[in-house]
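I opened this entry to go through one chain, site by site. My notes follow the order in which I looked things up.

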Amino acid sequence: MTPQAIELLLTHALIVTQDAARRVLPDSALAVQNGRILALGPTAELCARFAAAEAIDLSGKIIFPGLVNTHTHLFQVATKGLGEDMAVQDWVEVVTGPTAIHITPEEMNLFCLSGCLEMIHGGVTTVVDMSYRAHTFALHEQNILAMQQSGLRGRYTSIISDFGVDYGVAPQLIMPIEWFIDQYGRLLDRYPPDDRLAVWVAIGAPWTISDEGMAGALEFSLRTSTPMVMHINENGVDNYLSQQRHAKNIVPYLDEIGFLRPDLLAIHCVVTNDEDIELYRRHDVKISYNPVSNMYLGSGIAPMVKMARAGLTIGLGVDGAGSNNSQDMIETLKMAALVQKAAAGDASVVDAQTVLDWATLGGARALRLEDNIGSLEPGKCADLFVVAPNSARIVPIHDPVASLVYSGGVENVVLTMANGKVLMREGVIQHFDEAEILCRCQEAALALAQRCGSNRKVRRSWKGSAA
Ligand SMILES: [Zn+2]
């Protein structure tokens, strides 16, 4: 039988499939054609079946499904290290708000691209971005362009806010709800949803939107079948203000107004009680868990084990670089597990397999993309990354999943592929001059911080080569 011609064959790898049986396949190959996984199985068998235009020998290496980063704010790459010692509201007022107000479209593209490149190094193949209000439509365009240029699969959102000056939201970030609905109408026309990129609706937090704004955003979302994301209960402020405004906690209020539904991705959920969990479960609300950000801002520890045991769909996120200081999903895997163990005083409450499930299958379900991504199976998208035992940090590997979660670092990720396209190989980004982008990013971030004053609490300023 004549071998079938295909684009790419990855051979001799240990494949962590994340399929229903969580099979791990030794000395296996994965065939890629038209951006999808055509087949996977024993290397000898696939080498006989296929004649690949390119074959990559992955002997001694491990293939994982691409990680799904369910939450970030890409533009915040500009703000790394500026937010130390501030709670959420202060940090928005001092750091991220001024940055969003003064950022130019060119800077937006640069920071977003830099953030995407960092994620590619960390095995991420899908990302949900949450931009702030775009004071010019070109900001949307350049943000989305960076996501498209990066090669990642993406969901783009831009925060609706018509309220919240008293709580630290800058007036420049606030507009009437009609303005945001018009923006979203234009965005959906310009970027109709597909597997690679879709525009979703974002609300910053319950304290950044009026009741009328909430109703308008929900009506738009339902009318256009566009899923929504919102930070919910990142700390105690949401419940405190909801009690003042509506005489009940925020999640029961959201239930009352019909806001809770399967098309809602709730971000953080740090302050979550049993009633909230039951409401999320009843409405199949999806949850994004961002442990590094929650620790950095001192927000607390989300009860993810409880939520997982209730059957909720959980994805992992890094959150923006302003409250994480990197976009490192590999680090997030470890933190996601350790913080839950520490909180419970019990090492057995969550294991490495569960955390990897959150970062792959859970993220895929949270994005309604479970038929396409989240595991390595024939017919799904060729979204994956490869880990090598190439540093003292990860060697020796006994259990590939435990090693990735607890010993892995971005330096161990030696190949990242999204939609069948190799984006990074042997540490080298394939489609951009990364060094040049990082050099421009450094200069642009300093200039923007100076211009908008987001660096006013910095005590040891960077002078670089200009010093
Ligand atoms: Zn966030």
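I began with helix 7, residues 237-246, and found Asp238, Asn239, Leu241, Ser242 and His246 buried. Buried means under 20% relative accessible area, exposed over 50%, and partly exposed in between, with a 1.4 Å probe and protein chains only. Helices (H or I, at least four residues) and strands (E, at least two) are DSSP runs, numbered from the N terminus.

The model is predicted: local features need pLDDT of at least 70, side-chain atom pairs count only at pLDDT 80 or more, and totals for chains, interfaces and linings use all residues. Residues are numbered from 1 along each chain as its sequence is written, and side-chain values use heavy atoms, with hydrogens and water left out.

Next I asked what the buried residues of helix 7 pack against. They pack against helix 6 (211-224), strand 11 (228-232) and helix 8 (250-256). Contact here means heavy atoms within 4.5 Å.

**The zinc site**

Which protein atoms are donors of the zinc ion? I listed His71 (NE2), His73 (NE2), His231 (NE2) and Asp319 (OD), lying 2.1 to 2.4 Å from the zinc ion. Donors are N, O and S atoms within 2.8 Å of the metal (3.2 Å for Na, K and Ca); water is not among the atoms, so sites may look incomplete.

The angles among the four donor atoms run from 86 to 170°, and the site is irregular. For the record, four donors count as tetrahedral if all angles lie between 85 and 135 degrees; four count as square planar and six as octahedral if opposite donors are over 155 degrees apart and all others between 65 and 115; anything else is irregular.

Along the chain, the donors of the zinc ion follow the spacing H-x1-H-x157-H-x87-D.

I then looked at Asp319 by itself. Asp319 lies in the loop between strand 14 (314-316) and helix 12. Its phi is near 65°, a positive value in a residue other than glycine. Asp319 counts as buried because its relative accessibility is 2%.

**Gln76**

Gln76 is in the loop between strand 6 and helix 2. Buried or exposed? Gln76 counts as buried because its relative accessibility is 0%. Not counting residues up to four places away in sequence, Gln76 touches Trp91, Thr96, Tyr132, Gly320, Ala321, Gly322 and Ser323. I also checked Gln76 against Met175: 99 residues apart in sequence, 21 Å apart in space, C-alpha to C-alpha.

**Helix 14 and its partners**

I took helix 13 first. The axes of helix 13 (residues 352-366) and helix 14 (residues 400-407) come within 9 Å and cross at roughly 75°. That makes helix 13 roughly perpendicular to helix 14. Axes are lines fitted to C-alpha atoms, for helices over the stretch in contact, and angles run from 0 to 180 degrees between N-to-C directions. Angles under 35 degrees count as roughly parallel, over 145 as roughly antiparallel, 65 to 115 as roughly perpendicular and the rest as oblique.

Ala352, Gln353, Val355 and Leu356 of helix 13 meet Val401, Ala402, Leu404, Val405 and Tyr406 of helix 14. I sorted this contact by class: eight nonpolar, one polar and no charged residues. Ala, Val, Leu, Ile, Met, Phe, Trp, Tyr, Cys and Pro count as nonpolar, Asp, Glu, Lys and Arg as charged, and the others, Gly among them, as polar.

Helix 12 came next. The axes of helix 12 (residues 329-344) and helix 14 come within 7 Å and cross at roughly 90°. Helix 12 is therefore roughly perpendicular to helix 14. From helix 12, Ile330, Leu333, Lys334, Ala337, Leu338 and Lys341 meet Leu404, Val405 and Tyr406 in helix 14. That contact divides into seven nonpolar, no polar and two charged residues.

**Backbone checks**

I found a cis peptide bond joining Val395 and Pro396, with omega about 5°. Pro396 is in the loop between strand 15 (384-387) and helix 14.

Asp284 has a positive phi, near 55°. Asp284 lies in the loop between helix 9 (274-283) and strand 13 (286-289).
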